[in-house]
Amino acid sequence: MRGRHGNAARMRRIIVAVSGASGSIYGFTALRALREAGGVETHLILSPQAARTIELETSYTSRDFEALADVVHRENDLAASPSSGSFVHDGMMVIPCSIKSAAAIAYGLNDTLLTRAADVCLKERRRLVLVVRETPLHLGHLRTLTQLAEIGAVILPPMPAMYARPNSVQEIVNHTVGKVLDQFGVANELFTRWSTPRSVP
């Protein structure tokens, strides 16, 4: 575990986990948005495959992700604080979440820190948001997602809203990240919110 500072005062804590699924930019944007929002201590878990996906998809490295987090945990460290229910925090997001990670969480495999920390969220009745990145979905995937919803996870796939008429990929990414932050009550202006359209004369 690496910490950015030694401040022991209780502040909001959110675990940000990045799996190896395509869409690592969602995780980077979430970390950056939480840093800019302030008042949130972020705990980062990067899967080994995430580091490879980051290099393939973006101009960033895993170190860039780590630089945005307050605390970095190694995924093979099952003794890290997020593995225990006694570690108080305000929830966890897996962004993006691979189907492999989703299945491991759904059935309580607890074989990595990512899946163990997610399982702890569920058993402690804390917010767990999964940005599941896969398409199309076969019946096995759908049953896995149903299982997750039944045990308390929030399934929040990256579905772009076209009403805002996005001009870039980053605007599309921002929309999903803003919706994720909404789940944790983190104020943000990452996307255009819907308002009642004016009547056409």
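Predicted model: local features only at pLDDT ≥ 70, side-chain atom pairs only at ≥ 80, totals over all residues.
Me: Is T144 buried or exposed?
Reply: T144 also lies in helix α6. Leaving aside neighbours within four places in sequence, T144 is in contact with A102, A103, A106 and Y107. Its relative accessible area is 8%, and buried means under 20%, so T144 counts as buried.

Me: What is the relative accessibility of I14, which counts as buried?
Reply: I14 is found in strand β2, residues 12–18. Not counting residues up to four places away in sequence, I14 touches L34, V40, E41, T42, H43, G91, M93, F184 and V186. I14 counts as buried because its relative accessibility is 0%.

Me: How far apart in space are I14 and S62, C-alpha to C-alpha?
Reply: In sequence, I14 and S62 are 48 residues apart. In space, C-alpha to C-alpha, their separation is 19 Å.

Me: What radius of gyration does the protein chain have?
Reply: The chain has seven helices and seven strands, and buried residues make up 48% of its 201 residues. A compact globule with 201 residues would have a radius of gyration near 17 Å. The protein chain agrees with that, so the value you want is 17 Å.

Notes:
Residues numbered from 1 in each chain as written. Heavy atoms only, no water. Helix = DSSP H or I, 4+ residues; strand = E, 2+ residues; numbered from the N terminus. Buried < 20%, exposed > 50% of the residue type's maximum accessible area, 1.4 Å probe, protein only. Contact = heavy atoms within 4.5 Å. Rg over C-alpha atoms; globule rule 2.2 N^0.38 Å.
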